[in-house]
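I opened the model and kept notes on what I looked up. The entries follow in the order in which I made them.

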Amino acid sequence: TKSVSLDALKGATRYIFVDLGQQDLFGDSIRAIAVSDGQQTAVIEQPTKKDLEKIANVISSAKLLVGHDLKAMMHLVGTGQPPAFAEASAGRHGVAPTAIFDTAVAAYLLSPGTREFDLATIAFEYLRLNLPESASEKLAIVMKLHQALERGLAKEGMTKLSAEIEMPLISILYQMECAGIEVDRKKLSELQEKFAIVIEKLTKKIYQLAGHEFNVNSPSQLSV
(Lines give C-alpha, C1' and ligand atoms only; values in the text may rest on other atoms or scores of the structure.)
Protein backbone atom coordinates (compact mmCIF):
# COMPACT_ATOMS: atom_id res chain seq x y z
CA THR A 1 0.00 0.00 0.00
CA LYS A 2 1.33 3.43 -0.99
CA SER A 3 2.04 5.75 1.92
CA VAL A 4 0.34 9.15 2.00
CA SER A 5 1.09 12.27 4.03
CA LEU A 6 -0.52 12.84 7.43
CA ASP A 7 -2.41 15.78 5.96
CA ALA A 8 -4.08 13.46 3.44
CA LEU A 9 -5.82 11.44 6.18
CA LYS A 10 -9.55 12.07 6.45
CA GLY A 11 -12.33 11.39 8.95
CA ALA A 12 -12.22 11.46 12.73
CA THR A 13 -10.82 7.98 13.45
CA ARG A 14 -7.10 7.30 13.60
CA TYR A 15 -5.34 3.95 13.80
CA ILE A 16 -1.71 4.02 14.94
CA PHE A 17 1.18 1.61 15.26
CA VAL A 18 4.63 2.49 16.59
CA ASP A 19 7.33 0.16 15.30
CA LEU A 20 10.21 0.08 17.76
CA GLY A 21 13.84 -0.42 16.88
CA GLN A 22 16.63 -1.62 19.13
CA GLN A 23 16.95 -0.12 22.58
CA ASP A 24 19.79 2.32 23.14
CA LEU A 25 21.14 4.07 26.24
CA PHE A 26 18.13 6.39 26.20
CA GLY A 27 15.49 3.66 25.96
CA ASP A 28 13.30 2.58 23.06
CA SER A 29 13.99 4.01 19.62
CA ILE A 30 11.22 4.48 17.07
CA ARG A 31 11.89 2.84 13.71
CA ALA A 32 8.64 3.91 12.08
CA ILE A 33 5.12 5.12 12.88
CA ALA A 34 2.10 4.19 10.79
CA VAL A 35 -1.10 6.22 11.05
CA SER A 36 -4.29 5.45 9.13
CA ASP A 37 -7.84 6.76 8.77
CA GLY A 38 -9.05 3.27 7.83
CA GLN A 39 -8.60 3.83 4.12
CA GLN A 40 -5.21 5.50 3.67
CA THR A 41 -2.02 5.06 5.67
CA ALA A 42 0.82 7.46 6.38
CA VAL A 43 4.16 5.88 7.32
CA ILE A 44 6.85 8.04 8.89
CA GLU A 45 10.23 6.32 8.94
CA GLN A 46 12.61 7.28 11.77
CA PRO A 47 10.44 10.21 12.87
CA THR A 48 12.07 13.48 13.86
CA LYS A 49 11.06 15.82 16.65
CA LYS A 50 8.89 17.75 14.17
CA ASP A 51 7.28 14.52 12.93
CA LEU A 52 6.44 13.43 16.47
CA GLU A 53 4.88 16.76 17.29
CA LYS A 54 2.70 16.59 14.20
CA ILE A 55 1.67 13.00 14.97
CA ALA A 56 0.82 13.97 18.55
CA ASN A 57 -1.43 16.75 17.26
CA VAL A 58 -3.13 14.32 14.87
CA ILE A 59 -3.72 11.89 17.73
CA SER A 60 -4.97 14.58 20.09
CA SER A 61 -7.60 15.79 17.64
CA ALA A 62 -8.96 12.33 16.80
CA LYS A 63 -12.48 11.41 17.89
CA LEU A 64 -11.41 7.77 18.15
CA LEU A 65 -7.85 6.46 18.42
CA VAL A 66 -7.21 2.75 17.92
CA GLY A 67 -3.90 1.05 18.62
CA HIS A 68 -2.04 -1.60 20.57
CA ASP A 69 -0.64 -0.79 24.03
CA LEU A 70 -1.68 2.82 23.63
CA LYS A 71 -0.33 4.09 26.95
CA ALA A 72 3.20 3.08 25.99
CA MET A 73 2.62 4.64 22.57
CA MET A 74 1.45 7.88 24.17
CA HIS A 75 4.65 8.07 26.18
CA LEU A 76 6.78 7.45 23.11
CA VAL A 77 4.96 9.86 20.83
CA GLY A 78 3.68 12.35 23.39
CA THR A 79 6.44 12.58 25.94
CA GLY A 80 9.08 9.97 25.28
CA GLN A 81 10.97 10.83 22.10
CA PRO A 82 12.90 13.11 21.96
CA PRO A 83 13.36 14.93 25.34
CA ALA A 84 12.77 18.41 23.87
CA PHE A 85 9.39 17.29 22.53
CA ALA A 86 8.40 15.99 25.97
CA GLU A 87 8.42 19.50 27.41
CA ALA A 88 6.42 20.92 24.52
CA SER A 89 3.86 18.14 24.67
CA ALA A 90 3.42 18.28 28.42
CA GLY A 91 2.98 22.04 28.33
CA ARG A 92 0.61 22.33 25.37
CA HIS A 93 -1.58 19.41 24.51
CA GLY A 94 -0.31 15.98 25.61
CA VAL A 95 -1.91 13.03 23.85
CA ALA A 96 -5.57 12.73 24.74
CA PRO A 97 -8.07 11.82 21.99
CA THR A 98 -11.80 11.85 22.71
CA ALA A 99 -12.11 8.04 22.78
CA ILE A 100 -9.64 5.22 22.45
CA PHE A 101 -9.65 1.49 21.78
CA ASP A 102 -6.61 -0.50 22.85
CA THR A 103 -6.39 -3.99 21.37
CA ALA A 104 -4.13 -5.15 24.22
CA VAL A 105 -6.64 -4.03 26.87
CA ALA A 106 -9.54 -5.54 24.93
CA ALA A 107 -7.70 -8.87 24.67
CA TYR A 108 -7.05 -8.76 28.43
CA LEU A 109 -10.74 -8.17 29.15
CA LEU A 110 -11.66 -11.20 27.07
CA SER A 111 -8.90 -13.43 28.54
CA PRO A 112 -7.79 -12.00 31.92
CA GLY A 113 -6.05 -15.23 32.86
CA THR A 114 -3.67 -15.01 29.91
CA ARG A 115 -0.18 -13.62 30.48
CA GLU A 116 0.83 -12.57 26.98
CA PHE A 117 -0.90 -9.67 25.27
CA ASP A 118 1.75 -8.62 22.76
CA LEU A 119 0.54 -7.95 19.24
CA ALA A 120 2.04 -11.11 17.75
CA THR A 121 0.31 -13.33 20.33
CA ILE A 122 -3.18 -11.89 20.04
CA ALA A 123 -2.92 -11.55 16.23
CA PHE A 124 -2.39 -15.28 16.02
CA GLU A 125 -5.00 -16.06 18.68
CA TYR A 126 -7.82 -14.01 17.17
CA LEU A 127 -6.89 -13.83 13.48
CA ARG A 128 -4.59 -16.83 13.00
CA LEU A 129 -2.11 -14.45 11.38
CA ASN A 130 1.62 -14.15 11.89
CA LEU A 131 2.96 -10.66 12.49
CA PRO A 132 4.38 -9.12 9.29
CA GLU A 133 7.53 -7.01 9.08
CA SER A 134 6.46 -3.53 7.99
CA ALA A 135 4.78 -0.92 10.19
CA SER A 136 1.91 -0.47 7.71
CA GLU A 137 1.20 -4.21 7.64
CA LYS A 138 1.29 -4.39 11.43
CA LEU A 139 -1.15 -1.49 11.55
CA ALA A 140 -3.44 -3.44 9.21
CA ILE A 141 -3.37 -6.27 11.77
CA VAL A 142 -4.35 -3.81 14.51
CA MET A 143 -7.29 -2.63 12.40
CA LYS A 144 -8.51 -6.21 11.89
CA LEU A 145 -8.08 -6.95 15.59
CA HIS A 146 -10.15 -3.89 16.45
CA GLN A 147 -13.13 -5.37 14.61
CA ALA A 148 -12.63 -8.89 15.99
CA LEU A 149 -12.19 -7.74 19.58
CA GLU A 150 -15.16 -5.37 19.43
CA ARG A 151 -17.30 -8.33 18.34
CA GLY A 152 -15.86 -10.41 21.18
CA LEU A 153 -16.60 -7.74 23.77
CA ALA A 154 -20.15 -7.36 22.49
CA LYS A 155 -20.69 -11.12 22.61
CA GLU A 156 -19.54 -11.25 26.24
CA GLY A 157 -21.62 -8.20 27.22
CA MET A 158 -18.48 -6.18 28.00
CA THR A 159 -18.85 -3.29 25.56
CA LYS A 160 -20.00 -0.84 28.23
CA LEU A 161 -17.26 -1.89 30.66
CA SER A 162 -14.69 -1.43 27.93
CA ALA A 163 -15.96 1.89 26.57
CA GLU A 164 -16.83 3.59 29.85
CA ILE A 165 -14.21 2.31 32.30
CA GLU A 166 -11.25 0.38 30.91
CA MET A 167 -10.44 2.41 27.78
CA PRO A 168 -10.86 5.90 29.33
CA LEU A 169 -8.58 4.80 32.17
CA ILE A 170 -5.65 4.51 29.72
CA SER A 171 -5.50 8.27 29.12
CA ILE A 172 -5.92 8.95 32.84
CA LEU A 173 -3.04 6.65 33.74
CA TYR A 174 -0.90 8.22 31.02
CA GLN A 175 -1.56 11.72 32.40
CA MET A 176 -0.85 10.54 35.96
CA GLU A 177 2.47 9.02 34.89
CA CYS A 178 3.41 12.23 33.07
CA ALA A 179 2.54 14.42 36.06
CA GLY A 180 4.04 12.16 38.72
CA ILE A 181 3.10 12.53 42.38
CA GLU A 182 3.86 15.13 45.02
CA VAL A 183 5.07 13.94 48.41
CA ASP A 184 5.64 15.62 51.76
CA ARG A 185 9.22 14.61 52.57
CA LYS A 186 9.04 15.96 56.10
CA LYS A 187 5.88 13.97 56.84
CA LEU A 188 7.40 10.81 55.34
CA SER A 189 10.47 11.20 57.59
CA GLU A 190 8.23 11.62 60.63
CA LEU A 191 6.27 8.50 59.70
CA GLN A 192 9.50 6.54 59.17
CA GLU A 193 10.67 7.39 62.68
CA LYS A 194 7.25 6.62 64.16
CA PHE A 195 6.98 3.25 62.41
CA ALA A 196 10.53 2.34 63.43
CA ILE A 197 9.59 2.76 67.10
CA VAL A 198 6.41 0.72 66.66
CA ILE A 199 8.31 -2.06 64.86
CA GLU A 200 10.95 -2.16 67.57
CA LYS A 201 8.30 -2.54 70.30
CA LEU A 202 6.48 -5.27 68.37
CA THR A 203 9.72 -7.13 67.71
CA LYS A 204 10.59 -7.17 71.40
CA LYS A 205 7.11 -8.46 72.23
CA ILE A 206 7.53 -11.24 69.64
CA TYR A 207 10.86 -12.22 71.21
CA GLN A 208 9.20 -12.41 74.64
CA LEU A 209 6.37 -14.60 73.36
CA ALA A 210 8.80 -16.87 71.46
CA GLY A 211 11.24 -17.10 74.39
CA HIS A 212 14.24 -16.21 72.21
CA GLU A 213 15.41 -13.83 69.53
CA PHE A 214 15.29 -14.70 65.82
CA ASN A 215 14.95 -12.97 62.45
CA VAL A 216 11.29 -11.95 62.28
CA ASN A 217 11.75 -11.05 58.61
CA SER A 218 12.61 -14.66 57.75
CA PRO A 219 9.53 -16.74 56.77
CA SER A 220 11.43 -19.98 57.47
CA GLN A 221 12.44 -18.92 61.00
CA LEU A 222 9.01 -17.44 61.65
CA SER A 223 7.30 -20.73 60.81
CA VAL A 224 9.35 -22.80 63.25
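Predicted model: local features only at pLDDT ≥ 70, side-chain atom pairs only at ≥ 80, totals over all residues.

Entry 1, a contact list. I looked up I16 and found that, leaving out residues up to four places away in sequence, I16 touches I33, A34, V35, I55, I59, L65, V66, G67, H68, L70, M73 and L139. Contact here means heavy atoms within 4.5 Å.

Residues are numbered from 1 along each chain as its sequence is written, and side-chain values use heavy atoms, with hydrogens and water left out.

I16 is listed with I33, V35, I55, M73 and V77 as touching the most other members of the largest nonpolar core, which has 47 residues. Such a core is a set of buried Ala, Val, Leu, Ile, Met, Phe, Trp, Tyr and Cys residues joined through side-chain atoms within 4.5 Å. Buried means under 20% relative accessible area, exposed over 50%, and partly exposed in between (1.4 Å probe, protein chains only). Helix 6 supplies the largest share of this core, eight residues.

The five strands form an open sheet with mixed pairing, in the order 3-2-1-4-5. Two strands pair if DSSP finds at least two bridges between them. Strand 3 (41-45) and strand 5 (99-102) are the edges, each pairing on one side only. From one strand to the next, the twist averages 20 degrees.

Strand 1 (residues 13-20) runs antiparallel to strand 2 (residues 30-36), with six bridges. D19 has A32 in strand 2 as its bridge partner. Helix 1 (residues 49-60) packs on the sheet, and its direction makes about 35 degrees with that of strand 2. Axes are lines fitted to C-alpha atoms, for helices over the stretch in contact, and angles run from 0 to 180 degrees between N-to-C directions. Helix 6 (residues 135-155) also packs on the sheet, at about 125 degrees to the direction of strand 1.

Is S162 buried or exposed? S162 counts as buried because its relative accessibility is 3%. S162 is in helix 7 (residues 159-179). Beyond its neighbours within four places in sequence, S162 contacts L109, L153, M167 and P168.

Terms used: Helix = DSSP H or I, 4+ residues; strand = E, 2+ residues; numbered from the N terminus.
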